[in-house]
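Open the model in a viewer and keep the sequence panel beside it. The stops below say what to select next and what is there.

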Amino acid sequence: MTKILPVIMCGGSGTRVWPESRETLPKQFIPLVGERSTFQTTMTMLADPAFERPIVISNFDYRFLIADQLREIGAEADIVLEPSRRDSGPAVAVAAGIAARRAPDTVVVVLAADHVVRDQAGLVDLCKRARAAAAQGYIVTLGVKPDGPATGYGYLRPGAALPACDDVYKLEAFVEKPDRETARKYVEAGYFWNSGNFIFRADVMQSEIAQFEPGIFSAAEAAIEAASRDLGFVLLNAEAFAHAPKKSIDYAVMEKTDKAALIPADIGWSDVGTWRAVWELSDRDELGNSVRGHGVVMDARNVHVRSEDTLTTVVGVDDVIVVTTQDAVLVLSHEHGDSVKQLVDQLKSENRREAGEHKRIFRPWGYYQAIDEGQRYQVKRIVVKPGQRLSLQKHFHRAEHWIVVRGTAEVGRDEQTHLVHENESIYLPIGCRHRLTNPGKIDLELIEVQTGSYLGEDDIVRFEDAYNRG
């Protein structure tokens, strides 16, 4: 049978599981459950021969994170970058447009990168079974059987079974997130949760978007037509894409179309939308406690502790989640799991750096991590991957001291090149043109001490850059 083109939506910020998930490293790239990120787990599932080479749609900031995580698992994909965040409606329009250029009747499955599916073989089977309905012109959504009256999901009311389709039903109603009493009535009436995963024929989705949201359709088409390539990534045209209205695919199409269908999905699905969901998906002891990293729980029940670096202990307190990172600690009762997003909004309103940034900042060449800072100094740990190099740059307000603790650094300083080995250092005065390269086969690790009157990251003038940054 015709293969299915998988499209992975990978641009969300995941604020509901702060402080591990932040703008600079959102939850789809974090191993919240298991040893791999949810993005990597999804990509692994798509190795099934039923699927074509996947397309990943994300934003410009995450392009190298995506490429790195694909390399880690030996997977390949075409990476399409949105120049601005316009919600899922324009992203699906782009997916349909790219697929239609291959063949108008291409069957596409759109999957979220930040969901967990316990029964991955079951999801692959659902995609195969939904393919027949999609080929007939239906937009099939995966409906999850509710385990309670949740208010965080849209609800789906199934209708009559579709002829010649295996367990696929006409969708009679697509309703947005209800209050708890309404949700209880929906559950009793046999409604399903909307998982946010869809299977459709490219030309059918294009037709529906053009009918209900012509602004989204025209902007997506123009952005594809004027797209460019950079370092292997497909860059949608920024000016064209900016004209797309911000709207989810649910509001744009699914609540309006008469082509919607549903296939029940009993596959252990979770959108991992709260810390309670993470706790539920984690291994727990006989008292319901789960510990990841450095944690100890005593005389307590239903506790979830996460701490990769700092010993975190909980004694005599039930039904709490404690998440410790290098620069923030969250203590959360189970019943207030939906409040984390509001907490992050408050932190942003107070201009707290921790709301969106980790201490570890990833770059295409590796990462840097803040260690200490004062009024006129800052200390960082810098790790450069083998064969990678930073931009040729200079600073107006700071000098830098680099001490190599692992590997060998090739340092260009003005007109000279120096090899700096372990336990050696080099000084870079204010205003000098410099570049750091890792010529070796292991990670280069160094300690950087900055001194000067201004230490902001925007005090960089780049002359050459392998990653085409400004």
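Start by selecting Leu-231, in the loop between β10 (228–230) and β11 (233–235). Strands here are DSSP runs (E, at least two residues), and helices are DSSP runs too (H or I, at least four), numbered from the N terminus. The phi of Leu-231 is near 55°, a positive value in a residue other than glycine. Most residues other than glycine have a negative phi, and most peptide bonds are trans. With 44% relative accessibility, Leu-231 counts as partly exposed; buried means under 20% relative accessible area, exposed over 50%, and partly exposed in between (1.4 Å probe, protein chains only).

Before moving on, note that this is a predicted model, in which local features need pLDDT of at least 70 and side-chain atom pairs count only at pLDDT 80 or more, while totals for chains, interfaces and linings use all residues. Residues are numbered from 1 along each chain as its sequence is written, and side-chain values use heavy atoms, with hydrogens and water left out.

Next, select Asp-414, in the loop between β23 (409–413) and β24 (416–420). Asp-414 is not a glycine, yet has a positive phi of about 55°. Its relative accessibility is 48%, so Asp-414 counts as partly exposed.

Go to Trp-18 and Pro-19, which are joined by a cis peptide bond with omega of about 10°. Pro-19 sits in the loop between β1 and α1.

**Aromatic rings**

Stay with that loop and select Phe-29 together with Tyr-62. Which kind of pair do the rings of Phe-29 and Tyr-62 make? Their centres are 5.6 Å apart and their planes are at 70°, so the pair is edge-to-face. Phe-29 is in the loop between β1 (5–9) and α1 (38–45), and Tyr-62 is in the loop between β2 (55–59) and α2 (63–73); the pair links distant parts of the chain, 33 residues apart. Rings of Phe, Tyr and Trp (its six-membered ring) pair if their centres lie within 6.5 Å; planes under 30 degrees apart count as stacked, over 60 as edge-to-face and the rest as tilted.

Are these two residues buried or exposed? Phe-29 is buried, with a relative accessible area of 4%, and Tyr-62 is buried at 1%. The whole structure holds 9 aromatic pairs.

Now select Arg-63 and Phe-60. Arg-63 lies over the face of Phe-60, at 3.6 Å from the ring centre. A charge sits over a ring if NZ of Lys or CZ of Arg is within 6 Å of the ring centre and within 35 degrees of the ring normal. Arg-433 likewise lies over the face of Phe-463, at 4.0 Å from the ring centre.

**Salt bridges**

A search of the whole structure finds 34 salt bridges, each a side-chain nitrogen of Lys or Arg within 4 Å of a carboxyl oxygen of Asp or Glu. Select Asp-78 and Arg-53, whose side chains meet in a salt bridge (2.9 Å, N to O). Asp-78 is in strand β3 (residues 78–82) and Arg-53 in the loop between α1 and β2, 25 residues apart. Asp-78 is partly exposed at 25% relative accessibility, and Arg-53 is partly exposed at 39%.

Arg-102 belongs to helix α3 (residues 88–102), 24 residues from Asp-78.

Then select Asp-327 and Arg-353, which meet in a salt bridge (2.9 Å, N to O). Asp-327 lies in the loop between β16 (320–324) and β17 (329–333) and Arg-353 in the loop between α11 (340–349) and β18 (360–363), so the pair ties together parts that are 26 residues apart in sequence. Asp-327 is buried at 18% relative accessibility, whereas Arg-353 is partly exposed at 35%. Salt bridges that share partners join Arg-22, Asp-327, Arg-352, Arg-353 and Glu-354 into one network.

**Annotated span**

Finish with residues 351–465, which UniProt lists (unreviewed entry) as "domain: Mannose-6-phosphate isomerase type II C-terminal". UniProt positions are in the numbering used here, feature names are shortened, and annotations may be inferred rather than shown by experiment. Residues 351–465 are 0% helix and 55% strand, and their end C-alpha atoms lie 30 Å apart.
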